[in-house]
Amino acid sequence: MSVKNEYNTEQRKLILKYLVKSNDTYLKAEDILKYMKKNNESIGLSTIYRFLNLLEEQGKLRTDIINHTKYFQYILDNCREHFHLKCEKCGKLIHFKCNEFKKLNEHILKEHNFSIDYRTTIYGLCDNCSNN
């Protein structure tokens, strides 16, 4: 959970701790700012963006752009071994560990010479949102 190539300030440690804790969801930089303010931490939005950009460059964040807004999800080590499902309504992120999808991935590689990156996210509706 350390960040290389840059000094590790207390602010960065707090941001990283929150990202790791919230790894089941995509967050906007503003969500992080809101959380920090709620917990009486003095961190500016520009500091958050700079750190998010650094983590993204290091390959530690999965990103998504929805309605011109960039969202971030911290990639735990085990998140490099499976795909993700994301609910388009509530934003829930599901760690998708399915042998059938692994077989599909193998088929795509073998038959179509294309390798799907484990950063791939499949969009749809979770069970809760599809029943409402």
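The following legends describe close-up views of a predicted model.

Residues are numbered from 1 along each chain as its sequence is written, and side-chain values use heavy atoms, with hydrogens and water left out.

**View 1. Secondary structure of the chain.** Five helices and five strands make up the secondary structure. Helices (H or I, at least four residues) and strands (E, at least two) are DSSP runs, numbered from the N terminus. Read from the N terminus, the order of elements is α-α-α-β-β-β-β-α-β-α. Of the 132 residues in the chain, 34% are buried. Buried denotes under 20% relative accessible area, exposed over 50%, and partly exposed the range in between (1.4 Å probe, protein chains only).

**View 2. The largest nonpolar core.** This core holds 18 residues, and those touching the most other members are I15, L19, I32, I48, L52 and L61. At least two residues come from each of α1, α2, α3 (45–57) and β2 (69–74). The greatest contribution is that of α3, with five residues. A nonpolar core is a set of buried Ala, Val, Leu, Ile, Met, Phe, Trp, Tyr and Cys residues joined through side-chain atoms within 4.5 Å.

**View 3. A patch of positive charge on the surface.** The patch gathers K17, K21, K34 and K38. Two or more of its residues are given by each of the helices α1 (10–21) and α2 (29–38). Patches consist of residues with over 30% relative accessible area and no salt bridge, like charges being joined within 9 Å and nonpolar side chains (Val, Leu, Ile, Met, Phe, Trp, Tyr) within 5 Å. Lys and Arg count as positive and Asp and Glu as negative, while His and the chain ends are not counted. K34 lies in helix α2 and counts as exposed because its relative accessibility is 63%. The C-alpha atoms of K34 and L45 are separated by 9.7 Å, the two residues being 11 apart along the chain.

View 4. Side chains of opposite charge can pair when their charged atoms come close. Two salt bridges are found in the whole structure, a salt bridge being a side-chain nitrogen of Lys or Arg within 4 Å of a carboxyl oxygen of Asp or Glu. In one of them, the side chains of E56 and K70 meet at 2.8 Å, N to O. This pair links distant parts of the chain, with E56 in helix α3 and K70 in strand β2, 14 residues apart. E56 is partly exposed at 26% relative accessibility, and K70 is partly exposed with a relative accessible area of 32%.

**View 5. The salt bridge between E100 and K103.** The closest N and O atoms of this pair are 3.4 Å apart. Because K103 and E100 are three residues apart in helix α4 (residues 99–112), about one helical turn separates them. K103 is partly exposed, at 48% relative accessible area, whereas E100 is exposed, at 52%.

**View 6. Loop residues with positive phi.** N40, in the loop between α2 and α3, has phi near 60°, a positive value in a residue other than glycine. N40 counts as exposed because its relative accessibility is 71%. H68, in the loop between β1 (61–66) and β2, is also not glycine and has a positive phi, near 65°. The relative accessible area of H68 is 83%, so this residue is exposed.

How values were computed. This is a predicted model: local features need pLDDT of at least 70, side-chain atom pairs count only at pLDDT 80 or more; totals for chains, interfaces and linings use all residues. Accessible areas come from the Shrake-Rupley method with a 1.4 Å probe; for residues, only the protein chains shown count as cover. The place of a charge is taken as NZ of Lys, CZ of Arg, CG of Asp or CD of Glu.
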